[in-house]
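Work through the exercises below with the structure open beside you. Try each task before reading its solution.

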Amino acid sequence: MSATSTDLPSRVDESLAACPQFRILVVGTTGVGKSSLIGSVFNLSLDAIDIAHNRAGRANISFGYTCEENPRFILHDSQGFEHGGANTWGLVEQFLRQRNASPDVQDHVHAIWLCIETPRTGSRLQHTGDENLIALARELEIPLIVVFTKFDVLVVERVRKLKLSPDDALAKAEEALRTRLADEHFPQAGVEWVRISTKHGHFRTLKELTDVTRQSLHDVEGALWVPWALAQQINARQKVEQSIKEGCKRYWLNLSKSTLFEGEVLRDCLWRIYEDIIKIWNFYDPQKLLYKKKTFALTLKLVEDFMPKTEAELAGDSDFLSQYSDVMTLATAIGATFAQALGAVGIGIMAAKYLSRKYQALPQTARFLGAYIIDLTLVLHNVFLTTLFRDPPRRLSEDIIEAALTAYDSAPVHDRVHELGKISDMVNFEQRIVALIQKSVPS
Ligand SMILES: Nc1nc2c(ncn2[C@@H]2O[C@H](COP(=O)(O)OP(=O)(O)OP(=O)(O)O)[C@@H](O)[C@H]2O)c(=O)[nH]1
Ligand SMILES: [Mg+2]
(Lines give C-alpha, C1' and ligand atoms only; values in the text may rest on other atoms or scores of the structure.)
(Ligands and ions follow the chains in the order given, each with its own letter.)
Protein backbone atom coordinates (compact mmCIF):
# COMPACT_ATOMS: atom_id res chain seq x y z
CA MET A 1 0.00 0.00 0.00
CA SER A 2 1.43 3.36 -0.80
CA ALA A 3 2.10 5.89 1.91
CA THR A 4 0.07 8.59 0.42
CA SER A 5 -0.94 9.77 -2.96
CA THR A 6 -1.10 13.01 -4.75
CA ASP A 7 -2.54 14.36 -7.94
CA LEU A 8 0.68 16.23 -8.61
CA PRO A 9 2.14 14.87 -11.83
CA SER A 10 5.26 12.78 -11.52
CA ARG A 11 8.12 14.46 -13.32
CA VAL A 12 9.96 11.20 -13.67
CA ASP A 13 6.92 9.59 -15.27
CA GLU A 14 6.75 12.50 -17.68
CA SER A 15 10.40 11.99 -18.57
CA LEU A 16 9.76 8.29 -19.04
CA ALA A 17 6.62 8.70 -21.11
CA ALA A 18 8.44 8.55 -24.44
CA CYS A 19 10.57 5.62 -23.38
CA PRO A 20 9.77 3.79 -20.13
CA GLN A 21 12.34 1.02 -20.55
CA PHE A 22 15.87 0.81 -21.80
CA ARG A 23 16.22 -1.83 -24.52
CA ILE A 24 19.60 -3.46 -24.87
CA LEU A 25 20.87 -6.12 -27.23
CA VAL A 26 23.63 -8.30 -25.87
CA VAL A 27 25.43 -10.37 -28.47
CA GLY A 28 28.09 -12.99 -27.86
CA THR A 29 28.85 -16.66 -28.34
CA THR A 30 27.64 -19.15 -25.80
CA GLY A 31 29.42 -19.09 -22.48
CA VAL A 32 31.09 -15.72 -23.08
CA GLY A 33 29.47 -14.31 -19.94
CA LYS A 34 26.43 -12.40 -21.21
CA SER A 35 24.00 -13.52 -18.50
CA SER A 36 26.52 -12.90 -15.73
CA LEU A 37 27.16 -9.40 -17.05
CA ILE A 38 23.47 -8.55 -17.35
CA GLY A 39 22.80 -9.96 -13.88
CA SER A 40 25.49 -7.79 -12.30
CA VAL A 41 24.71 -4.54 -14.10
CA PHE A 42 20.92 -4.75 -13.99
CA ASN A 43 20.66 -6.53 -10.65
CA LEU A 44 19.00 -9.75 -11.69
CA SER A 45 19.42 -13.23 -10.35
CA LEU A 46 20.83 -15.61 -12.93
CA ASP A 47 17.77 -17.79 -12.31
CA ALA A 48 15.51 -14.98 -13.48
CA ILE A 49 17.49 -14.52 -16.69
CA ASP A 50 17.77 -18.21 -17.44
CA ILE A 51 14.08 -18.88 -16.84
CA ALA A 52 13.22 -16.14 -19.32
CA HIS A 53 15.88 -17.49 -21.64
CA ASN A 54 14.48 -21.01 -21.62
CA ARG A 55 10.95 -19.80 -22.08
CA ALA A 56 11.93 -17.96 -25.23
CA GLY A 57 14.09 -20.69 -26.64
CA ARG A 58 17.79 -20.14 -27.05
CA ALA A 59 19.13 -17.41 -29.24
CA ASN A 60 15.80 -15.92 -30.20
CA ILE A 61 16.95 -12.38 -30.74
CA SER A 62 13.50 -10.88 -31.18
CA PHE A 63 12.27 -11.93 -27.74
CA GLY A 64 12.55 -9.08 -25.25
CA TYR A 65 13.12 -10.42 -21.74
CA THR A 66 11.65 -8.38 -18.96
CA CYS A 67 12.14 -9.14 -15.28
CA GLU A 68 10.21 -8.21 -12.17
CA GLU A 69 13.51 -7.69 -10.39
CA ASN A 70 14.23 -4.69 -12.61
CA PRO A 71 11.23 -3.48 -14.58
CA ARG A 72 13.20 -0.71 -16.26
CA PHE A 73 14.94 -2.66 -18.95
CA ILE A 74 14.32 -5.06 -21.80
CA LEU A 75 16.98 -7.51 -22.84
CA HIS A 76 17.49 -9.10 -26.22
CA ASP A 77 20.06 -11.85 -25.89
CA SER A 78 21.69 -13.28 -28.96
CA GLN A 79 24.45 -15.69 -29.70
CA GLY A 80 27.11 -14.83 -32.24
CA PHE A 81 26.90 -15.25 -35.96
CA GLU A 82 28.42 -18.66 -36.62
CA HIS A 83 27.69 -19.91 -40.10
CA GLY A 84 24.41 -21.83 -40.08
CA GLY A 85 23.75 -21.03 -36.42
CA ALA A 86 20.33 -20.14 -35.07
CA ASN A 87 21.21 -16.49 -35.35
CA THR A 88 22.24 -16.09 -38.91
CA TRP A 89 23.32 -12.61 -39.76
CA GLY A 90 20.17 -12.01 -41.83
CA LEU A 91 17.91 -12.42 -38.79
CA VAL A 92 19.98 -10.05 -36.72
CA GLU A 93 20.03 -7.46 -39.46
CA GLN A 94 16.29 -7.72 -40.04
CA PHE A 95 15.61 -7.43 -36.31
CA LEU A 96 17.67 -4.27 -35.92
CA ARG A 97 16.41 -2.61 -39.07
CA GLN A 98 12.76 -3.26 -38.20
CA ARG A 99 13.06 -2.11 -34.62
CA ASN A 100 14.92 1.06 -35.40
CA ALA A 101 12.57 1.99 -38.27
CA SER A 102 9.77 2.47 -35.73
CA PRO A 103 8.75 6.07 -35.11
CA ASP A 104 8.61 5.32 -31.38
CA VAL A 105 11.91 5.58 -29.57
CA GLN A 106 10.73 2.96 -27.05
CA ASP A 107 10.71 0.32 -29.80
CA HIS A 108 14.32 0.98 -30.78
CA VAL A 109 17.30 -0.98 -29.62
CA HIS A 110 19.02 1.68 -27.51
CA ALA A 111 22.44 0.10 -27.16
CA ILE A 112 24.33 -2.99 -28.18
CA TRP A 113 26.93 -4.74 -26.07
CA LEU A 114 28.98 -6.99 -28.30
CA CYS A 115 30.61 -9.46 -25.93
CA ILE A 116 33.86 -11.17 -26.85
CA GLU A 117 35.98 -13.22 -24.51
CA THR A 118 39.24 -11.47 -23.59
CA PRO A 119 41.87 -13.38 -25.57
CA ARG A 120 44.40 -15.22 -23.45
CA THR A 121 48.02 -15.44 -24.45
CA GLY A 122 48.27 -17.68 -27.51
CA SER A 123 44.49 -17.99 -28.07
CA ARG A 124 42.54 -16.60 -31.00
CA LEU A 125 40.56 -13.42 -30.79
CA GLN A 126 37.05 -14.52 -31.77
CA HIS A 127 35.32 -11.83 -33.76
CA THR A 128 34.03 -13.53 -36.88
CA GLY A 129 31.16 -11.61 -38.38
CA ASP A 130 31.29 -8.86 -35.80
CA GLU A 131 32.39 -6.21 -38.31
CA ASN A 132 28.98 -6.53 -39.98
CA LEU A 133 27.22 -5.75 -36.73
CA ILE A 134 29.54 -2.84 -36.00
CA ALA A 135 28.90 -1.37 -39.47
CA LEU A 136 25.12 -1.83 -39.16
CA ALA A 137 25.06 -0.23 -35.71
CA ARG A 138 26.93 2.73 -37.10
CA GLU A 139 24.51 3.02 -40.03
CA LEU A 140 21.47 2.86 -37.73
CA GLU A 141 23.14 5.12 -35.16
CA ILE A 142 22.80 2.59 -32.37
CA PRO A 143 25.54 2.95 -29.77
CA LEU A 144 27.65 -0.22 -29.83
CA ILE A 145 30.26 -1.11 -27.28
CA VAL A 146 32.61 -4.03 -27.66
CA VAL A 147 32.85 -5.70 -24.26
CA PHE A 148 35.81 -7.97 -23.60
CA THR A 149 34.57 -10.34 -20.92
CA LYS A 150 36.33 -12.44 -18.26
CA PHE A 151 39.21 -9.99 -18.11
CA ASP A 152 40.11 -11.41 -14.69
CA VAL A 153 41.38 -14.55 -16.42
CA LEU A 154 44.11 -12.52 -18.11
CA VAL A 155 45.02 -10.92 -14.80
CA VAL A 156 45.20 -14.25 -12.99
CA GLU A 157 47.34 -15.62 -15.81
CA ARG A 158 49.86 -12.87 -15.13
CA VAL A 159 49.82 -13.40 -11.40
CA ARG A 160 50.53 -17.11 -11.89
CA LYS A 161 52.98 -17.07 -14.78
CA LEU A 162 54.90 -13.92 -14.00
CA LYS A 163 54.47 -14.05 -10.21
CA LEU A 164 53.27 -10.44 -10.21
CA SER A 165 51.37 -8.66 -7.47
CA PRO A 166 47.65 -8.19 -8.25
CA ASP A 167 48.16 -4.48 -9.06
CA ASP A 168 51.10 -5.12 -11.38
CA ALA A 169 49.29 -8.04 -12.97
CA LEU A 170 46.31 -5.79 -13.65
CA ALA A 171 48.49 -3.17 -15.33
CA LYS A 172 50.29 -5.82 -17.41
CA ALA A 173 47.01 -7.43 -18.45
CA GLU A 174 45.64 -4.04 -19.56
CA GLU A 175 48.77 -3.45 -21.58
CA ALA A 176 48.69 -6.93 -23.12
CA LEU A 177 45.06 -6.54 -24.20
CA ARG A 178 45.66 -3.10 -25.69
CA THR A 179 48.68 -4.34 -27.66
CA ARG A 180 46.81 -7.38 -28.85
CA LEU A 181 43.86 -5.34 -30.12
CA ALA A 182 46.16 -2.89 -31.87
CA ASP A 183 47.96 -5.80 -33.58
CA GLU A 184 44.67 -7.31 -34.73
CA HIS A 185 43.23 -3.94 -35.80
CA PHE A 186 40.10 -4.74 -33.84
CA PRO A 187 37.88 -3.05 -33.02
CA GLN A 188 38.40 -0.43 -35.68
CA ALA A 189 39.07 3.18 -34.76
CA GLY A 190 36.10 5.04 -33.35
CA VAL A 191 34.45 1.95 -31.86
CA GLU A 192 34.19 2.03 -28.08
CA TRP A 193 35.49 -0.95 -26.17
CA VAL A 194 35.89 -1.87 -22.53
CA ARG A 195 37.15 -4.90 -20.64
CA ILE A 196 35.07 -6.25 -17.83
CA SER A 197 34.85 -8.97 -15.29
CA THR A 198 31.94 -9.95 -13.11
CA LYS A 199 34.23 -11.50 -10.52
CA HIS A 200 34.67 -9.88 -7.12
CA GLY A 201 37.40 -7.26 -7.11
CA HIS A 202 36.67 -6.09 -10.66
CA PHE A 203 33.60 -4.06 -9.88
CA ARG A 204 35.22 -0.90 -11.30
CA THR A 205 35.21 -2.41 -14.80
CA LEU A 206 31.41 -2.73 -14.74
CA LYS A 207 31.06 0.85 -13.64
CA GLU A 208 33.29 1.91 -16.52
CA LEU A 209 31.04 0.04 -18.92
CA THR A 210 28.04 1.97 -17.61
CA ASP A 211 29.95 5.24 -18.01
CA VAL A 212 30.90 4.47 -21.60
CA THR A 213 27.34 3.38 -22.36
CA ARG A 214 25.89 6.55 -20.87
CA GLN A 215 28.34 8.72 -22.83
CA SER A 216 27.58 6.98 -26.09
CA LEU A 217 23.88 7.82 -25.67
CA HIS A 218 24.75 11.50 -25.95
CA ASP A 219 24.30 12.03 -29.63
CA VAL A 220 21.36 9.73 -29.99
CA GLU A 221 18.46 10.74 -27.75
CA GLY A 222 18.23 12.88 -24.67
CA ALA A 223 15.10 10.86 -23.86
CA LEU A 224 17.25 7.80 -23.17
CA TRP A 225 19.19 9.20 -20.25
CA VAL A 226 16.37 8.74 -17.77
CA PRO A 227 15.52 5.08 -18.57
CA TRP A 228 19.23 4.32 -18.70
CA ALA A 229 19.94 5.90 -15.30
CA LEU A 230 17.02 3.98 -13.81
CA ALA A 231 17.83 0.65 -15.45
CA GLN A 232 21.52 0.34 -14.61
CA GLN A 233 22.07 -0.79 -11.04
CA ILE A 234 25.83 -0.35 -10.68
CA ASN A 235 26.64 3.31 -11.05
CA ALA A 236 25.56 5.41 -8.06
CA ARG A 237 26.95 8.57 -9.54
CA GLN A 238 24.63 8.33 -12.54
CA LYS A 239 21.64 7.88 -10.22
CA VAL A 240 22.67 10.92 -8.20
CA GLU A 241 23.17 13.03 -11.31
CA GLN A 242 19.72 12.01 -12.49
CA SER A 243 18.20 12.71 -9.06
CA ILE A 244 19.66 16.19 -9.24
CA LYS A 245 18.38 16.69 -12.76
CA GLU A 246 14.90 15.36 -12.13
CA GLY A 247 14.45 16.23 -8.48
CA CYS A 248 16.23 19.51 -8.17
CA LYS A 249 16.05 21.18 -11.51
CA ARG A 250 12.41 20.45 -12.01
CA TYR A 251 11.30 21.25 -8.49
CA TRP A 252 13.21 23.68 -6.51
CA LEU A 253 15.73 25.21 -8.88
CA ASN A 254 12.80 26.84 -10.58
CA LEU A 255 10.68 27.03 -7.52
CA SER A 256 10.37 30.78 -7.47
CA LYS A 257 9.22 30.83 -11.10
CA SER A 258 7.26 27.62 -11.11
CA THR A 259 3.57 27.33 -10.59
CA LEU A 260 3.82 23.57 -10.24
CA PHE A 261 3.24 23.46 -6.52
CA GLU A 262 1.06 26.48 -6.29
CA GLY A 263 -1.82 25.80 -3.99
CA GLU A 264 -0.66 22.32 -3.17
CA VAL A 265 -0.28 20.89 0.28
CA LEU A 266 3.34 20.76 1.30
CA ARG A 267 3.05 17.12 2.25
CA ASP A 268 1.89 16.31 -1.30
CA CYS A 269 4.85 18.16 -2.75
CA LEU A 270 7.21 16.27 -0.48
CA TRP A 271 5.60 12.97 -1.35
CA ARG A 272 5.92 13.75 -5.05
CA ILE A 273 9.62 14.53 -4.65
CA TYR A 274 10.10 11.45 -2.49
CA GLU A 275 8.39 9.11 -4.94
CA ASP A 276 10.16 10.56 -7.96
CA ILE A 277 13.58 10.23 -6.39
CA ILE A 278 13.01 6.66 -5.23
CA LYS A 279 11.88 5.80 -8.74
CA ILE A 280 15.24 6.91 -10.06
CA TRP A 281 17.08 4.52 -7.75
CA ASN A 282 14.85 1.66 -8.89
CA PHE A 283 15.74 -0.59 -5.98
CA TYR A 284 14.63 -4.19 -5.92
CA ASP A 285 12.05 -3.68 -3.22
CA PRO A 286 9.44 -6.45 -3.58
CA GLN A 287 7.94 -5.63 -0.16
CA LYS A 288 7.58 -1.97 -1.17
CA LEU A 289 9.39 -0.90 1.99
CA LEU A 290 10.28 2.47 0.54
CA TYR A 291 6.62 3.16 -0.12
CA LYS A 292 5.68 2.65 3.51
CA LYS A 293 4.46 5.67 5.37
CA LYS A 294 6.92 5.01 8.13
CA THR A 295 9.87 5.17 5.73
CA PHE A 296 8.64 8.42 4.23
CA ALA A 297 8.17 9.87 7.71
CA LEU A 298 11.68 8.82 8.71
CA THR A 299 13.15 10.70 5.76
CA LEU A 300 11.13 13.79 6.65
CA LYS A 301 12.46 13.61 10.15
CA LEU A 302 15.90 14.43 8.75
CA VAL A 303 14.68 17.91 7.83
CA GLU A 304 12.14 18.60 10.55
CA ASP A 305 14.41 21.21 12.15
CA PHE A 306 13.72 23.68 9.48
CA MET A 307 10.26 22.98 8.25
CA PRO A 308 9.07 26.19 6.66
CA LYS A 309 6.95 28.55 8.65
CA THR A 310 3.33 29.04 7.87
CA GLU A 311 1.74 32.35 7.35
CA ALA A 312 0.29 32.04 10.80
CA GLU A 313 3.65 31.48 12.34
CA LEU A 314 5.20 34.34 10.46
CA ALA A 315 2.55 36.45 12.13
CA GLY A 316 3.76 35.31 15.52
CA ASP A 317 1.93 32.03 16.08
CA SER A 318 4.57 29.39 16.62
CA ASP A 319 2.22 26.49 17.24
CA PHE A 320 2.71 25.03 13.84
CA LEU A 321 6.35 24.06 14.11
CA SER A 322 6.02 22.47 17.50
CA GLN A 323 2.92 20.67 16.37
CA TYR A 324 4.66 19.50 13.25
CA SER A 325 7.63 18.23 15.22
CA ASP A 326 5.28 16.34 17.51
CA VAL A 327 3.65 14.84 14.48
CA MET A 328 6.97 13.62 13.21
CA THR A 329 7.94 12.17 16.55
CA LEU A 330 4.59 10.50 16.83
CA ALA A 331 4.68 9.16 13.31
CA THR A 332 8.10 7.64 13.73
CA ALA A 333 7.92 6.52 17.33
CA ILE A 334 4.72 4.58 17.16
CA GLY A 335 4.99 3.73 13.50
CA ALA A 336 1.65 5.36 12.91
CA THR A 337 0.84 6.04 9.34
CA PHE A 338 1.87 9.47 8.33
CA ALA A 339 -1.59 10.48 7.21
CA GLN A 340 -3.20 9.19 10.41
CA ALA A 341 -0.70 11.08 12.49
CA LEU A 342 -1.31 14.23 10.56
CA GLY A 343 -5.04 13.78 10.83
CA ALA A 344 -4.79 13.21 14.57
CA VAL A 345 -3.42 16.67 15.20
CA GLY A 346 -5.58 18.48 12.73
CA ILE A 347 -3.05 18.90 9.99
CA GLY A 348 -5.93 19.37 7.60
CA ILE A 349 -6.47 22.83 9.03
CA MET A 350 -2.81 23.62 8.70
CA ALA A 351 -2.85 22.36 5.16
CA ALA A 352 -5.74 24.65 4.44
CA LYS A 353 -3.61 27.54 5.59
CA TYR A 354 -0.95 26.42 3.14
CA LEU A 355 -3.49 26.40 0.40
CA SER A 356 -4.10 30.05 0.94
CA ARG A 357 -0.47 30.87 0.42
CA LYS A 358 1.86 30.72 -2.53
CA TYR A 359 4.54 29.42 -0.26
CA GLN A 360 6.96 28.57 -3.04
CA ALA A 361 7.91 32.20 -3.12
CA LEU A 362 9.28 31.88 0.41
CA PRO A 363 13.00 31.31 0.52
CA GLN A 364 12.70 29.07 3.57
CA THR A 365 10.45 26.74 1.62
CA ALA A 366 12.99 26.58 -1.18
CA ARG A 367 15.74 25.91 1.36
CA PHE A 368 13.66 23.26 3.03
CA LEU A 369 12.81 21.42 -0.19
CA GLY A 370 16.43 21.72 -1.31
CA ALA A 371 17.68 20.25 1.93
CA TYR A 372 15.12 17.47 1.71
CA ILE A 373 16.25 16.55 -1.79
CA ILE A 374 19.89 16.40 -0.69
CA ASP A 375 19.14 14.41 2.43
CA LEU A 376 16.95 11.95 0.57
CA THR A 377 19.41 11.56 -2.30
CA LEU A 378 22.31 10.90 0.04
CA VAL A 379 20.34 8.45 2.19
CA LEU A 380 19.38 6.49 -0.92
CA HIS A 381 22.99 6.64 -2.01
CA ASN A 382 23.90 5.00 1.32
CA VAL A 383 21.27 2.34 0.72
CA PHE A 384 22.62 1.72 -2.78
CA LEU A 385 26.21 1.34 -1.59
CA THR A 386 25.17 -1.02 1.19
CA THR A 387 23.54 -3.39 -1.27
CA LEU A 388 25.99 -2.97 -4.15
CA PHE A 389 28.51 -5.61 -3.24
CA ARG A 390 25.94 -8.29 -2.56
CA ASP A 391 25.05 -10.88 -5.15
CA PRO A 392 22.10 -9.94 -7.35
CA PRO A 393 19.25 -9.52 -6.90
CA ARG A 394 20.12 -7.03 -4.17
CA ARG A 395 16.87 -6.97 -2.26
CA LEU A 396 16.07 -4.14 0.13
CA SER A 397 15.38 -4.88 3.76
CA GLU A 398 14.17 -2.77 6.66
CA ASP A 399 17.56 -3.18 8.31
CA ILE A 400 19.37 -1.76 5.29
CA ILE A 401 17.08 1.26 5.12
CA GLU A 402 17.27 1.97 8.82
CA ALA A 403 21.05 1.59 8.89
CA ALA A 404 21.38 4.01 5.95
CA LEU A 405 19.16 6.58 7.70
CA THR A 406 21.00 6.27 11.01
CA ALA A 407 24.42 6.52 9.34
CA TYR A 408 23.33 9.59 7.41
CA ASP A 409 21.77 11.29 10.43
CA SER A 410 25.13 11.42 12.18
CA ALA A 411 27.26 12.02 9.06
CA PRO A 412 29.10 15.36 8.81
CA VAL A 413 27.47 16.08 5.47
CA HIS A 414 24.05 16.14 7.13
CA ASP A 415 25.26 18.97 9.38
CA ARG A 416 26.63 20.83 6.40
CA VAL A 417 23.30 20.55 4.61
CA HIS A 418 21.64 22.02 7.64
CA GLU A 419 24.10 24.88 7.86
CA LEU A 420 23.17 25.70 4.28
CA GLY A 421 19.56 25.53 5.31
CA LYS A 422 20.04 28.31 7.84
CA ILE A 423 21.86 30.82 5.69
CA SER A 424 19.98 33.94 4.93
CA ASP A 425 21.35 34.82 1.50
CA MET A 426 20.08 32.81 -1.41
CA VAL A 427 22.91 33.76 -3.75
CA ASN A 428 23.98 30.70 -5.72
CA PHE A 429 22.01 28.60 -3.27
CA GLU A 430 21.12 25.99 -5.89
CA GLN A 431 24.69 25.62 -7.08
CA ARG A 432 25.90 25.30 -3.49
CA ILE A 433 23.46 22.49 -2.86
CA VAL A 434 24.35 20.64 -6.05
CA ALA A 435 28.05 21.04 -5.23
CA LEU A 436 27.46 19.64 -1.77
CA ILE A 437 25.74 16.54 -3.16
CA GLN A 438 28.42 16.01 -5.76
CA LYS A 439 31.20 16.38 -3.21
CA SER A 440 29.56 13.77 -1.03
CA VAL A 441 29.33 11.18 -3.80
CA PRO A 442 32.64 9.93 -5.13
CA SER A 443 32.80 9.75 -8.93
N1 LIG B 1 36.37 -15.97 -14.83
C2 LIG B 1 35.18 -15.49 -15.20
N3 LIG B 1 34.14 -16.30 -15.45
C4 LIG B 1 32.96 -15.76 -15.83
C5 LIG B 1 32.78 -14.36 -15.93
N6 LIG B 1 31.51 -14.12 -16.32
C7 LIG B 1 30.93 -15.34 -16.48
N8 LIG B 1 31.79 -16.31 -16.18
C9 LIG B 1 31.51 -17.77 -16.20
O10 LIG B 1 31.34 -18.17 -17.56
C11 LIG B 1 30.31 -19.14 -17.67
C12 LIG B 1 29.26 -18.70 -18.67
O13 LIG B 1 28.65 -17.54 -18.19
P14 LIG B 1 27.21 -17.04 -18.68
O15 LIG B 1 27.02 -15.70 -18.08
O16 LIG B 1 26.18 -18.06 -18.41
O17 LIG B 1 27.46 -16.95 -20.24
P18 LIG B 1 26.38 -16.67 -21.41
O19 LIG B 1 27.09 -15.86 -22.42
O20 LIG B 1 25.15 -16.10 -20.84
O21 LIG B 1 26.12 -18.13 -21.97
P22 LIG B 1 24.83 -18.62 -22.82
O23 LIG B 1 23.62 -18.18 -22.08
O24 LIG B 1 25.01 -20.08 -22.84
O25 LIG B 1 24.94 -18.00 -24.17
C26 LIG B 1 29.78 -19.35 -16.27
O27 LIG B 1 30.40 -20.47 -15.71
C28 LIG B 1 30.20 -18.10 -15.53
O29 LIG B 1 30.39 -18.31 -14.14
C30 LIG B 1 33.90 -13.51 -15.61
O31 LIG B 1 33.84 -12.27 -15.66
N32 LIG B 1 35.06 -14.12 -15.26
MG1 LIG C 1 23.15 -16.63 -20.95
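**Exercise 1. Find which residues of H4 and H5 meet, then describe the packing.**

Solution. The model is predicted, so treat every value as computed.

Step 1. List the contact. H4 contributes Trp 89, Val 92, Glu 93, Leu 96 and Asn 100. Their counterparts in H5 are Asn 132, Leu 133, Leu 136 and Leu 140.

Step 2. Sort by class. The contact of H4 with H5 holds 6 nonpolar, 2 polar and 1 charged residues.

Step 3. Take the geometry. H4 spans residues 89-101 and H5 spans residues 130-140. They pack at an angle of about 10°, and their axes are 11 Å apart.

Step 4. Classify the angle. Angles under 35 degrees count as roughly parallel. H4 is therefore roughly parallel to H5.

Step 5. The crossing of H4 with H5 is right-handed.

**Exercise 2. Describe how H6 packs with H7, giving the angle and the axis distance.**

Solution. 

Step 1. Take the geometry. H6 and H7 (residues 166-184) pack at about 120°, with axes 8 Å apart.

Step 2. Classify. The angle makes H6 oblique to H7. H6 passes H7 in a right-handed crossing.

Step 3. List the contact. From H6 come Phe 151, Leu 154, Val 155, Arg 158, Val 159 and Leu 162. From H7 come Pro 166, Ala 169, Leu 170, Lys 172, Ala 173, Ala 176 and Leu 177.

Step 4. Sort by class. The contact of H6 with H7 has 11 nonpolar and 2 charged residues, with no polar ones.

**Exercise 3. Give the strand order of the open sheet and say which strands stand at its edges.**

Solution. 

Step 1. Order the strands. The open sheet has 6 strands, in the order S2-S3-S1-S4-S5-S6, with mixed pairing.

Step 2. Find the edges. S2 (65-67) and S6 (192-195) each have a single partner strand, so one side of each lacks a neighbour in the sheet.

Step 3. Neighbouring strands are turned by 25° against each other on average, direction ignored.

Step 4. Inspect one pairing. S2 and S3 (residues 70-78) run antiparallel and are joined by 2 bridges. Cys 67 stands opposite Asn 70 in S3.

Step 5. Place the helix. H2 packs on the sheet and touches S1 (22-27), S3, S4 (111-117) and S5 (144-149). The direction of H2 makes about 165° with that of S3.

**Exercise 4. State which residues are closest to ligand 1 and what the shell is made of.**

Solution. 

Step 1. Count the shell. 16 residues surround ligand 1. The closest are Gly 33, Lys 34, Ser 35, Ser 36 and Lys 150.

Step 2. Assign elements. H2 (34-42) and H6 (151-162) each give two or more residues to the shell. H2 gives the largest share, 3 residues.

Step 3. Sort by class. The shell has 2 nonpolar, 10 polar and 4 charged residues.

Terms used:
Residues numbered from 1 in each chain as written. Chains lettered and ligands numbered in written order. Predicted model: local features only at pLDDT ≥ 70, side-chain atom pairs only at ≥ 80, totals over all residues. Near = placed C-beta within 6 Å. Helix = DSSP H or I, 4+ residues; strand = E, 2+ residues; numbered from the N terminus. Nonpolar A, V, L, I, M, F, W, Y, C, P; charged D, E, K, R; others polar. Pairing = 2+ DSSP bridges. Axes fitted to C-alpha atoms, helices over the stretch in contact; angles between N-to-C directions. Contact = placed C-beta atoms within 7 Å. Parallel < 35°, antiparallel > 145°, perpendicular 65-115°, else oblique. Left-handed = near helix turned anticlockwise from the far one by under 90°.
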